[in-house]
Amino acid sequence: MFAELIARACAPGLSPGQVEVLQAHYELLVRWNRSLNLTSVTNLEGAVERHYCESLFVGQVLEPSPLTIVDIGSGAGFPGFPLAVLRPDCSVTLIESHQRKAVFLKEASRKLPNIRVIASRAEQVSETFDLAVSRAVSYEDLFGSLRRLATKVALLTGIEPPPVELGFVWHPAIALPTGKQRVLRCGTRLGFT
């Protein structure tokens, strides 16, 4: 059922192996969610649409070259985990400050060589990346790290425009095919050439 929903709803081009990895992530998410609040959306249809399709949509609009990607406030691994599955040519770092959620991410990504988990606040990470992604993290929570971590960003947000203080030039918002009142906002850091 998971494979059919993914193929029909959002990612018909995924290989059977990629679908298998995403399904294993979902099954682990459901098990862990019983004792650790990873997400409020766990029913199969809702999870595929809201979590996996939105995340895969980000991967489908990225430039085709290999990238270093950081997922700020990864939570249960969205959008970073599906991005890493869709784009094995990219190196994806999942940052999650909640220690138990970070343990879940490490367990979920054990077999994916292009995923790394950092159990820390984004403000404490000193590396830089080609692209920062984030989902369901407020603009205020991104102030302290976004500009420093990456020159380009792709944020899954609500329809409210990002504040100028974030320091990015924003492209027109892209409506998500699966969500009402939710968009993908891509931008480039001011002064980056």
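A crossing is left-handed if the near helix is turned anticlockwise from the far one by less than a right angle, and right-handed if clockwise. The model is predicted, so local features need pLDDT of at least 70 and side-chain atom pairs count only at pLDDT 80 or more, whereas totals for chains, interfaces and linings use all residues. Residues are numbered from 1 along each chain as its sequence is written, and side-chain values use heavy atoms, with hydrogens and water left out.

**Exercise 1.** Describe how α1 and α3 pack, giving angle, distance, handedness and contacts.

*Solution.* 

Step 1. Identify the elements. Helices (H or I, at least four residues) and strands (E, at least two) are DSSP runs, numbered from the N terminus. Helix α1 covers residues 2–9 and helix α3 covers residues 44–61.

Step 2. State the geometry. Two packed helices are described by the angle between their axes and the distance between the axes. Axes are lines fitted to C-alpha atoms, for helices over the stretch in contact, and angles run from 0 to 180 degrees between N-to-C directions. For α1 and α3 the angle is about 50° and the axes are 10 Å apart.

Step 3. Classify the angle. Angles under 35 degrees count as roughly parallel, over 145 as roughly antiparallel, 65 to 115 as roughly perpendicular and the rest as oblique. The helices α1 and α3 are therefore oblique to each other, and their crossing is right-handed.

Step 4. List the contacts, where contact means heavy atoms within 4.5 Å. From α1, the residues F2, L5, I6 and A9 meet L44, E45, V48, Y52, C53 and L56 of α3. By class, this contact of α1 with α3 comprises nine nonpolar residues, no polar ones and one charged. Here Ala, Val, Leu, Ile, Met, Phe, Trp, Tyr, Cys and Pro count as nonpolar, Asp, Glu, Lys and Arg as charged, and the others, Gly among them, as polar.

**Exercise 2.** Which residues of α1 and α2 meet, and at what angle do the axes cross?

*Solution.* 

Step 1. Helix α2 comprises residues 16–33; its axis and that of α1 come within 10 Å and cross at roughly 115°. The crossing of α1 and α2 is right-handed.

Step 2. On the α1 side, F2, A3 and I6 take part, and they meet V19, L22, Q23 and Y26 of α2. The contact of α1 with α2 holds six nonpolar residues, one polar and no charged.

**Exercise 3.** Characterise the packing of α2 against α3.

*Solution.* 

Step 1. The angle between α2 and α3 is about 125°, and their axes are 12 Å apart. That angle makes α2 oblique to α3. The crossing of α2 and α3 is right-handed.

Step 2. L22, H25, Y26 and L29 of α2 meet L44, A47, Y52 and L56 of α3. The contact of α2 with α3 divides into seven nonpolar residues, one polar and no charged.

**Exercise 4.** How many residues has the largest nonpolar core, and which have the most contacts inside it?

*Solution.* 

Step 1. A nonpolar core is a set of buried Ala, Val, Leu, Ile, Met, Phe, Trp, Tyr and Cys residues joined through side-chain atoms within 4.5 Å. Buried means under 20% relative accessible area, exposed over 50%, and partly exposed in between (1.4 Å probe, protein chains only).

Step 2. The largest nonpolar core has 46 residues, and F2, I6 and I69 have the most contacts inside it. Helix α3 contributes the most to this core, with eight residues. Apart from it lies another core, of 17 residues, including V70, L146, L149 and L155.

Step 3. Leaving aside residues up to four places away in sequence, F2 touches V19, L22, Q23, Y26, L44, V48 and Y52.

**Exercise 5.** Are Q18, E45 and A136 buried, partly exposed or exposed?

*Solution.* 

Step 1. Q18 belongs to helix α2. Its relative accessibility is 17%, so Q18 counts as buried. Not counting residues up to four places away in sequence, Q18 touches V85, L86 and P88.

Step 2. E45 is placed in helix α3. With a relative accessible area of 45%, E45 is partly exposed. Beyond residues up to four places away in sequence, E45 touches M1 and L5.

Step 3. A136 is in the loop between β4 (129–135) and α6 (139–142). A136 is exposed, its relative accessible area being 69%. Although A136 is not a glycine, it has a positive phi of about 60°.

**Exercise 6.** Where does P79 lie, and which residue is joined to P79 by a cis peptide bond?

*Solution.* 

Step 1. P79 is in the loop between β1 (68–72) and α4 (80–86).

Step 2. The cis peptide bond joins F78 and P79, with omega about 5°.
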